[in-house]
Amino acid sequence: MNDQNRKNAHDTIDHIFKDLLPAHGMAERPEQAALSHRMLDTILDVGIALCDAGTSIGKTYAFLAAGIAFHHFHAASGANVRPILISTSSIALQNAVLNEYLPLLSDALTADGLLSEPIQAVIRKGKSHYVCDERLERRLAQVNLQKKNPRAAKVLLSLRDRLD
């Protein structure tokens, strides 16, 4: 991403937090915008950031705005655009992102003309659905591998060797 696209991405974050969200009844929170800018810089620099923010800072909108700004201006620079993966600590937060946060952002950004089509998202799984050794063994004990598709059975059994 070139310097102008980087600046445009940061300007988009400012626009989201200073104009668009307040127009939808949300208070302007400078800490939220600052967190989003830090997240965007980390994404652009292909880094890792450990961000600590208190309750009600607006962490979810901060990371969503950073991801949207990155995605939008990454595409504008002609780069290959891929989906953004967001990992949350609970299915409840995933549902809130999908059913509350993203629709509001999507409506605001499409009405503003920043996006030409609504944001699309899917929920994959929550932490209670991750495979661990215990869950894998429990599942293998429940499944009759002789009745399973041989390829599916082989994949299930291979998890014993590949699961970290």
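Asp-11 and Lys-7 are both part of helix α1, where they stand four residues apart, about one turn of the helix. Helices here are DSSP runs (H or I, at least four residues), numbered from the N terminus. This is a predicted model, in which local features need pLDDT of at least 70 and side-chain atom pairs count only at pLDDT 80 or more, while totals for chains, interfaces and linings use all residues. Residues are numbered from 1 along each chain as its sequence is written, and side-chain values use heavy atoms, with hydrogens and water left out.

**Salt bridges**

- Side chains of opposite charge can pair when their charged atoms come close.
- The whole structure contains three salt bridges, a salt bridge being a side-chain nitrogen of Lys or Arg within 4 Å of a carboxyl oxygen of Asp or Glu.
- Asp-11 and Lys-7 form a salt bridge through their side chains, at 2.8 Å from N to O.
- Asp-11 is partly exposed, because its relative accessible area is 34%; the classes are buried (under 20% relative accessible area), exposed (over 50%) and partly exposed (in between), computed with a 1.4 Å probe on protein chains only.
- Lys-7 is likewise partly exposed, because its relative accessible area is 46%.
- Arg-6 and Asp-41 form a salt bridge whose closest N and O atoms are 3.2 Å apart.
- Since Asp-41 belongs to helix α2 (residues 30-44) and Arg-6 to helix α1, this pair ties together parts that are 35 residues apart in sequence.
- Arg-6 also forms a salt bridge with Asp-45, and here the closest N and O atoms are 3.0 Å apart.
- Asp-45 lies in the loop between α2 and α3 (59-76) and Arg-6 in helix α1, so this pair ties together parts that are 39 residues apart in sequence.
- Arg-6 counts as partly exposed because its relative accessibility is 23%, and Asp-41 counts as partly exposed because its relative accessibility is 27%.

- His-10 is located in helix α1 (residues 3-23).
- His-10 counts as buried because its relative accessibility is 14%.
- The side chains of His-10 and His-37 are joined by a polar contact of 2.6 Å; a polar contact is a pair of N or O atoms within 3.5 Å, and within protein one must be able to donate a hydrogen and the other to accept it, with residues adjacent in sequence counting only if both atoms are side-chain atoms.
- Leaving aside residues up to four places away in sequence, His-10 touches His-37, Leu-40, Asp-41 and Leu-44, where contact means heavy atoms within 4.5 Å.

**Packing of α1 and α4**

- Two packed helices are described by the angle between their axes and the distance between the axes.
- The axes of α1 and helix α4 (residues 91-112) come within 11 Å and cross at roughly 95°.
- Therefore α1 is roughly perpendicular to α4.
- On the α1 side the contact involves His-15, Ile-16, Leu-20 and Leu-21, and on the α4 side Leu-104, Leu-105, Ala-108, Leu-109 and Asp-112.
- Axes are lines fitted to C-alpha atoms, for helices over the stretch in contact, with angles from 0 to 180 degrees between N-to-C directions; angles under 35 degrees count as roughly parallel, over 145 as roughly antiparallel, 65 to 115 as roughly perpendicular and the rest as oblique.

**Ile-123**

- Ile-123 is found in the loop between α4 and α5 (133-142).
- Ile-123 counts as partly exposed because its relative accessibility is 30%.
- Ile-123 touches Gln-94, Asn-95 and Leu-98, not counting residues up to four places away in sequence.

Note on methods: Helix = DSSP H or I, 4+ residues; strand = E, 2+ residues; numbered from the N terminus.
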